[in-house]
Amino acid sequence: YLGVNYTGTAEAWIEDGARVKAGAGGITVRADNHDLLVAVAQSGGTAEKVGITGSFLNYDARHDTRAWIEDRAVVDSGGAIDVIAHADMLAVEVTGAVEQGGKVAAGASIALTDLTNTTEAFIGNRTTSSVTTAGSVIAAGKVNLAADVDEQTITVAIAGAFVGGTAGSQGTAGGKTGGIGVSGAVAVNT
């Protein structure tokens with residue numbers, strides 16, 4: 001079993017009560033969240049008569065990426081104002097289970113991926129503040145708000161069961177050998 005629980009947060013903001021003034025170069029408030037996960041879980045074995053193996057991989061992640069200007073901040077730009085939140089994530093998970101048994105073999109593999117992304121760019125109230133004066137946002141250029149997520153998930157589950165061995169270890173029935181092999185694999189992304 002391999003379990004990964006992860007929370008990643010990237011935030012950038014101009015706080016209530018702040019006074020920010022810039023020339024023609026403008027103002028940028030930017031939050032970036034970059035994540036790479038590679039997880040591998042494997043199990044396997046060999047048994048003379050009956051062999052059973054399994055592997056389970058669970059990745060549960062929450063990613064919060066926010067860029068904002070608080071509603072009680074005073075922001076004055078001689079150029080543009082850019083408020084940008086960007087998140088990108090690549091999750092690669094591979095799990096496998098392979099078992100060999102003389103008479104009976106079973107292998108099972110499960111990979112679960114649960115990703116939650118919240119990505120926001122805004123001008124407004126997010127935090128509690130004791131500041132009572134009104135805020136303002138003034139720009140000589142454009143006011144750009146952008147939030148985007150690039151999420152890629154690759155989840156692979158492999159399972160195998162092999163029955164084999166010598167005729168002496170399995171027994172014979174009219175010169176033939178036999179056995180039962182069962183395997184299953186499940187990969188789920190939510």
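Is Trp-68 buried or exposed at 1% relative accessibility? Trp-68 counts as buried, the term meaning under 20% relative accessible area, with exposed over 50% and partly exposed in between (1.4 Å probe, protein chains only).

## Basis of the model

The model is predicted: local features need pLDDT of at least 70, side-chain atom pairs count only at pLDDT 80 or more, and totals for chains, interfaces and linings use all residues. Residues are numbered from 1 along each chain as its sequence is written, and side-chain values use heavy atoms, with hydrogens and water left out.

## Parallel sheet

Four strands make up an open sheet with parallel pairing, in the order β1-β4-β7-β10. Because β1 (2-14) and β10 (180-189) stand at the edges with a single partner strand each, one side of each is left without a neighbour in the sheet. On average, neighbouring strands of this sheet are turned by 5° against each other, direction ignored. Strands here are DSSP runs (E, at least two residues), numbered from the N terminus; two of them pair if DSSP finds at least two bridges between them.

Strand β7 (residues 104-123) runs parallel to β10 and is joined to β10 by 10 bridges. Ala-111 has Ala-187 in β10 as its bridge partner.

## Aromatic pairs

The count of aromatic pairs comes to three. Rings of Phe, Tyr and Trp (its six-membered ring) pair if their centres lie within 6.5 Å; planes under 30 degrees apart count as stacked, over 60 as edge-to-face and the rest as tilted. The pair of Tyr-1 and Phe-56 is stacked, because the ring centres are 5.4 Å apart and the planes stand at 25°. Tyr-1 lies in the segment before β1 and Phe-56 in strand β4 (residues 50-69), so this pair ties together parts that are 55 residues apart in sequence. Tyr-1 is exposed at 69% relative accessibility, whereas Phe-56 is partly exposed at 27%.

Trp-13 and Trp-68 also form a stacked pair, at 4.8 Å centre to centre and 5° between the planes. Since Trp-13 lies in strand β1 and Trp-68 in strand β4, the pair ties together parts that are 55 residues apart in sequence. Trp-13 is partly exposed, with a relative accessible area of 38%. Ring pairs link Trp-13, Trp-68 and Phe-122 into a cluster.

## Largest cavity

The largest cavity is lined by Asn-33, Asp-35, His-63, Ala-87, Asp-88, Met-89, Asn-117, Val-149 and Asp-150. A cavity is a set of points on a 1 Å grid over the protein atoms alone where a 1.4 Å probe fits but cannot get out, and lining residues have an atom within 4 Å of a point. β6 gives the most to this lining, with three residues.

How values were computed:
On a 1 Å grid over the protein atoms alone, a cavity is a set of points where a 1.4 Å probe fits but cannot get out, and a pocket is an open set with protein on both sides within 12 Å along at least five of seven lines; lining residues have an atom within 4 Å of a point. Axes are lines fitted to C-alpha atoms, for helices over the stretch in contact, and angles run from 0 to 180 degrees between N-to-C directions.
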